[in-house]
Amino acid sequence: MGLLTFAINVTLDGCVDHQEGIVDDETHALFTRLMDESGAMLWGRVTYEMMESYWPAVARGDEEAAPAMRAWAVKLETKPKYVVSSTRKDFPWANSHHIAGDLRMGVQKLKDATPAGVLLGSGKLATELDRLDLIDEYRFLVHPRLAGHGPTLYQSGLPAARRLELVSAKPLRCGAVAMHYRRAR
């Protein structure tokens, strides 16, 4: 069984708005490595639609992008992508698959079938999966910024606090810190 790893950018005040983080070669390399090491991506519908609206065009060369970004988009094109949605059924982006029905069973089945692990990148979905005790690891890239707005990490709450064990913490040149935690069970 593979691990389910929640990976996201977050500001010091908890904002997970993708536009608030620092994007440079080092932060890009970090998320590229996480994607390369995982067997599949897992998103909610909103994150999927945000990604689908841009990255396939970058992979095709229809959008201007730096070579590293284009290479990342091409990798993402071939990576299995799983989407949890109760409102959308059609996911035409290459290698996209719908997880419907019982969330716990669907995600557990994905974990069981993906020995290299699943990389989760959606904040709202992470809250639901954490409530179901399905998240094994957390990879937070903490940015040295105060956004002053939401959405925020776990803004709808959890039923109880989660104890985590620090695996590693690595400061980046931009001032962000890559934090890797494992769920203490």
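Axes here are lines fitted to C-alpha atoms, for helices over the stretch in contact, and angles run from 0 to 180 degrees between N-to-C directions. The model is predicted.

**Exercise 1.** Classify the packing of helix α1 against helix α4.

*Solution.* 
Step 1. Take the geometry. α1 spans residues 25-37 and α4 spans residues 67-78. Their axes lie 11 Å apart, at an angle of about 20°.
Step 2. Apply the cut-off. Angles under 35 degrees count as roughly parallel. So α1 is roughly parallel to α4.
Step 3. The crossing of α1 past α4 is left-handed.

**Exercise 2.** Which residues form the contact of α1 with α4, and what is their class make-up?

*Solution.* 
Step 1. List the α1 side: H28, F31, T32, M35 and D36.
Step 2. List the α4 side: A68, M69, W72, K75 and L76.
Step 3. Sort by class. The contact has six nonpolar, two polar and two charged residues.

**Exercise 3.** Describe the largest pocket.

*Solution.* 
Step 1. Its volume is about 1,400 Å³.
Step 2. The lining counts 47 residues. Nearest the centre lie I8, H18, T47, M50 and G121.
Step 3. Elements that each supply at least two lining residues include α1, α4, β1 (4-11) and α6 (123-131).
Step 4. By class, the lining has 25 nonpolar, 18 polar and four charged residues.

**Exercise 4.** Describe the second largest pocket.

*Solution.* 
Step 1. The volume is about 150 Å³.
Step 2. Among its lining residues are L3, T5, L34, E37, P115, V118 and R139.
Step 3. α1, β5 and β6 are the elements giving two or more residues to this lining.
Step 4. The lining has six nonpolar, three polar and three charged residues.

Notes. Residues are numbered from 1 along each chain as its sequence is written. This is a predicted model: local features need pLDDT of at least 70, side-chain atom pairs count only at pLDDT 80 or more; totals for chains, interfaces and linings use all residues. Side-chain values use heavy atoms; hydrogens and water are left out. Helices (H or I, at least four residues) and strands (E, at least two) are DSSP runs, numbered from the N terminus. Angles under 35 degrees count as roughly parallel, over 145 as roughly antiparallel, 65 to 115 as roughly perpendicular and the rest as oblique. A crossing is left-handed if the near helix is turned anticlockwise from the far one by less than a right angle, and right-handed if clockwise. Contact means heavy atoms within 4.5 Å. Ala, Val, Leu, Ile, Met, Phe, Trp, Tyr, Cys and Pro count as nonpolar, Asp, Glu, Lys and Arg as charged, and the others, Gly among them, as polar. On a 1 Å grid over the protein atoms alone, a cavity is a set of points where a 1.4 Å probe fits but cannot get out, and a pocket is an open set with protein on both sides within 12 Å along at least five of seven lines; lining residues have an atom within 4 Å of a point. Grid points are joined across faces, edges and corners, and a volume is the space filled by probe spheres set on the points.
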